[in-house]
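The sequence and structure come first.

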Amino acid sequence: MSFCFNFDLPAQTTGPGDVDGNELQHGNKDHAVVSVEDGPKPAQPVKEASEHFPPSDPQFLLMDAIFETVTVGTLPPLHFLNETVFEKTASEREDSEKILSRTAEQKSDLISGVYEGGLKVWECTYDLLELIEKDGETFGGKAVLDLGCGAGLLGILALKRGASQVHFQDYNSTVIEQLTVPNVMLNCQEDDEVDSEDDKEGSGKGKMKEEDGSKKKAKGQKEVTENSPPPKKQAIDLAQHPLLTTCHFYSGDWSTFLALVLKADPPPKYDLIFTSETIYNTAYYPALHETLRKLLAPDGLVYLATKSHYFGVGGGLHLFETFVEQRDVFSVDHLWDGEEGLQRHVVVLRFKKSKDA
């Protein structure tokens, strides 16, 4: 792998995974069903799902924004708000959940049932981006769900690569409103600027304008740049951008999110579901599995990027694979296994074929 990113392990929270994880890892599968289903539940009550809409005037979200750009091989550049600047300006942002202040006070990247880590771009996301680049997925005409989206990079890539609809879900409304939506708008804005440059100069579509004339960054390398405040007219036009009309944004836990989207007529079925670093807590496995089962199209694929084990919260790939095997709904195939350091993986889930088929 060509990436080297700083990564902080989730804080040592009081999670349910340690006891259940030991039981599963020792192969007691009959007991494992009981331990996952009937074990400790999340510390807080269920978080009701809500749909969020881009503001009619997004200027305040993008003004003076400092963003990072990640480029992976031939994939289009993906832009997202700089994490350090985001943290330093937390006091200036709307945050009805108070997660910005609480994470700062507790110096924690995870507060179970309160804040589920969506403000960071976790490193397994980059593993999945590199795999997508290697496989050459274009997303044309497909319905995509970025589940546990955080910054939304996976969904944004699908959006820029021709997906017919992209839905973003994160546990926290603050993450959706203050990070995911601005990032989507930032990438829509960049696409408009590229199109404008192409019209003027006849340059290749999809390449970023390099203000300093330097060559494009090497595969996987991140660059940080500053963008000037967008003019008000451009910001207003951005709210009506055609790419945004294909997007929906949701917050809430997986059980209430599922109930909300199933009210649609017809309910959505996704050709592709991306989820990265979401299986760290065994107590969440039943809701996650049910969400995947109800929302994946019959021939759809779930791409899951994860670590082998999450210290302090107890979940991990082996535990989740065991849980999925017990349900006998999905098959799980390994697409990539990293052997260095804390082992990371990318796997794909698909519905098992009926034996009568």
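In this predicted model, helix 6 is followed by Gly 136, which has a positive phi, near 75 degrees. The notes below start with that helix and then turn to the cores and to a pair of packed helices.

**Helix 6**
- Helix 6 covers residues 124–135, and its twelve residues at 1.5 Å each should span 16 Å; the end C-alpha atoms lie 17 Å apart, which agrees.
- Ten of the twelve residues are buried, so helix 6 is largely enclosed by the rest of the structure.
- The buried positions are Cys 124, Thr 125, Tyr 126, Asp 127, Leu 128, Leu 129, Glu 130, Leu 131, Ile 132 and Glu 133.

**Nonpolar cores**
- The largest nonpolar core holds 54 residues, and Leu 128, Phe 139, Val 184 and Phe 274 have the most contacts inside it.
- Helix 8 (residues 173–201) supplies the largest share of this core, eight residues.
- Apart from this core lies another, of 34 residues, including Ala 49, Val 261, Leu 317 and Val 324.
- Leaving aside residues up to four places away in sequence, Leu 128 touches Leu 154, Phe 274, Tyr 303, Ala 305 and Val 346.

**Helices 10 and 11**
- The axes of helix 10 (residues 254–261) and helix 11 (residues 285–295) come within 9 Å and cross at roughly 20 degrees.
- Angles under 35 degrees count as roughly parallel, so helix 10 is roughly parallel to helix 11.
- The crossing of helix 10 past helix 11 is left-handed.
- On the helix 10 side, Trp 254, Ser 255, Phe 257, Leu 258 and Val 261 meet Ala 287, Leu 288, Glu 290, Thr 291, Lys 294 and Leu 295 of helix 11.

Definitions and conventions: Residues are numbered from 1 along each chain as its sequence is written. This is a predicted model: local features need pLDDT of at least 70, side-chain atom pairs count only at pLDDT 80 or more; totals for chains, interfaces and linings use all residues. Side-chain values use heavy atoms; hydrogens and water are left out. Helices (H or I, at least four residues) and strands (E, at least two) are DSSP runs, numbered from the N terminus. The expected span of a helix is 1.5 Å times one less than its number of residues. Buried means under 20% relative accessible area, exposed over 50%, partly exposed in between (1.4 Å probe, protein chains only). A nonpolar core is a set of buried Ala, Val, Leu, Ile, Met, Phe, Trp, Tyr and Cys residues joined through side-chain atoms within 4.5 Å. Contact means heavy atoms within 4.5 Å. Axes are lines fitted to C-alpha atoms, for helices over the stretch in contact, and angles run from 0 to 180 degrees between N-to-C directions. Angles under 35 degrees count as roughly parallel, over 145 as roughly antiparallel, 65 to 115 as roughly perpendicular and the rest as oblique. A crossing is left-handed if the near helix is turned anticlockwise from the far one by less than a right angle, and right-handed if clockwise.
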